[in-house]
Amino acid sequence: MARKDGRKADEMREVKMEVGVLRNADGSARVQIGKTIAVASVFGPRELHPKHLQDNEKAVLNCIYMMAPFSTTERVRPGPSRRSHEISLVTKSALEKVVNLKDHPKAVIDVYILIEQANAGTRTAGINAASLALADAGIQMSDLVTSIASGKVDGEYVIDLSGDEEKITGCDLPVAYLPRSKEITLLQMDGDLSKADVKGVLKMCIRGCEKLHKIQVDALKKKWEAETSK
Amino acid sequence: MTEKNTNDIQKSDAANGNVSDEKKIVVPGELLMETMDYLPGKNCFREGNAIYAKKLGLLRTSGRVVEVVPVSGVYNPEVGDMIIGVVDEIQNAGWVIDINAPYTAFIPLSGVREFIDTNKTSLNQIYAAGDLIYGKVMMFSPSKSVHITMQDPKAKKFTDGRVVRINTTKVPRLIGRSGSMISMIKDATKCFISVGQNGMVWLKGENEDIAIKAVQMVEEYAHTTGLTDRVDAFLKKELGSRPAKKESPKESFEEYSKESASNEEYVEAKE
């Protein structure tokens, strides 16, 4: 069965990744998946103020997810919301596993994720972008983090739901996956999926994440190799 | 990249007269090798038999050690580094210095050349807020407090000139093999240049602007091969379009150091 936009069940939307898009950030990346665009910028490690937030054992990873007011058809009120606060938190825990925070006690690594355009899968696009931006900023990481959502539409498992599909079904499963250590650092579920469904959908996500990992590696290498050949 | 490709690149570079073994770019979590014959060096780690990269950078093997040379990141102080900093704040027992790192540094009273009686002398007579200093990292403790000493023959305060900040990972390239790159820029532009390990570069001279452009060029293309030739061409092109000045400061950098050292003595005498 073909999907609304003509994709196969295990076919992602077109993915574009670019590293080093912002001049003033220590590391930055833009990830475009279909019509969803996320830009991540990383600053630091740098001094953390106010001082009482400092951790004497390790650096603090500070993730902030925000949506541009013009990112959806209906204007998004700027500033933190219940939703953006939650996504910031899950993004932080998805990234924290790979980032070496022990090397910079008392410091902070700031990760800002801006959704320029939203069409389903904004948190997963944000995590992909943040992972690239962290690597670009020269921060020690044990792995890259990849992330994609899958769900069930009309009784069929499909990967990377678009905005239209999300409206029909309401059940999807965003996953963040570490391709080297094969661990899962984010698993959320919206809607209703049975145990068997979750297993099937999860498998699909992991296959998608492995594809995304290749694109991430290419994007990172491209930034430096393009300049090498100049 | 297969071994064949790497060889091809090296061959074509050899044809151009540039040979570099620092070619392969690796990303965090990338498998570097699967053998117990090698040891993981900087920015690498071992898991089981395999060695993985921990940072984005260039792969380098020296002897039996594999390491990743980072292409980005912040300055991590090391004892003995000569660094340039800006005086941020004056405290009772010393100066707080911004050193372009995640942590601020501190110069204790015992870190300056002269004896200071705090009852008679105000500390901003020695270094005032905003002053540029060139000092040596004396201590870097596990709790990340950095102490700088000025009791080093090379240490001094800059009274004029300009400072540009570059990424600390590009400093070795800016200096070049046994100082080849930096001395080329110095000779061509007739500028005094001091490079701090923390990525702050101090310059003074007639052709400062050209020297700054050259430094920024090195920063931007630090990971490319044949850079020395291109910087040389750039300097010749830029300087060639300028009318030659009659007098050019021929005194060496060491002489300038002496001059600024005598400035410090002047401060002492004034008290």
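Visitor: Why is Asp232(B) called partly exposed?

Guide: Buried means under 20% relative accessible area, exposed means over 50%, and partly exposed is in between (1.4 Å probe, protein chains only). Asp232(B) has a relative accessible area of 26%, so it is partly exposed. Please keep in mind that this is a predicted model, where local features need pLDDT of at least 70 and side-chain atom pairs count only at pLDDT 80 or more, while totals for chains, interfaces and linings use all residues. Residues are numbered from 1 along each chain as its sequence is written, chains are lettered from A and ligands numbered from 1 in the order in which they are written, and side-chain values use heavy atoms, with hydrogens and water left out.

Visitor: What makes Asp232(B) and Lys236(B) a salt bridge?

Guide: The term asks for a side-chain nitrogen of Lys or Arg within 4 Å of a carboxyl oxygen of Asp or Glu. Here the closest N and O atoms are 3.2 Å apart, and the pair qualifies. Both residues lie in helix α5 of chain B, 4 residues apart, about one turn of the helix. A helix here is a DSSP run of H or I with at least four residues, a strand is a run of E with at least two, and both are numbered from the N terminus. At 57% relative accessibility, Lys236(B) counts as exposed.

Visitor: How do you know that Lys213(B) and Glu238(B) meet in a salt bridge?

Guide: Their N to O distance is 4.0 Å, and the pair is counted as a salt bridge. This pair links distant parts of the chain, with Lys213(B) in helix α4 and Glu238(B) in helix α5 of chain B, 25 residues apart. Lys213(B) is partly exposed, at 44% relative accessibility. Over all chains, the search of the whole structure finds 25 salt bridges.

Visitor: What makes the buried residues of α3(B) line one face of the helix?

Guide: The buried residues in helix α3 (residues 180-189) of chain B are Met181(B), Ile182(B), Met184(B), Ile185(B) and Thr189(B). Seen down the axis, they fall within an arc of 160°, so they line one face; the arc is that of the directions from the helix axis to the C-beta atoms. Their cover includes α2 (171-175), β15 (192-195), α4 (208-220) and α5 (227-240) of chain B.

Visitor: Why is Thr146(A) called buried?

Guide: Its relative accessible area is 0%, so Thr146(A) is buried. Thr146(A) is found in strand β6 (residues 146-153) of chain A. Leaving aside neighbours within four places in sequence, Thr146(A) has contacts that include Val175(A), Tyr177(A), Cys209(A) and His213(A), where contact means heavy atoms within 4.5 Å.

Visitor: What makes a group of residues a nonpolar core?

Guide: A nonpolar core is a set of buried Ala, Val, Leu, Ile, Met, Phe, Trp, Tyr and Cys residues joined through side-chain atoms within 4.5 Å. The largest has 70 residues, and among those with the most contacts inside it are Val42(A), Leu95(A) and Leu134(A). Helix α4 (residues 195-228) of chain A gives the most to this core, with 11 residues.

Visitor: Why are β1 and β3 of chain B said to stand at the edges?

Guide: The open sheet has 4 strands in the order β1-β6-β7-β3 (chain B), with mixed pairing. β1 (25-26) and β3 (39-40) each have a single partner strand, so one side of each is left without a neighbour in the sheet. Strands pair if DSSP finds at least two bridges between them; β3(B) and β7 (residues 65-70) pair in the parallel sense over 2 bridges.
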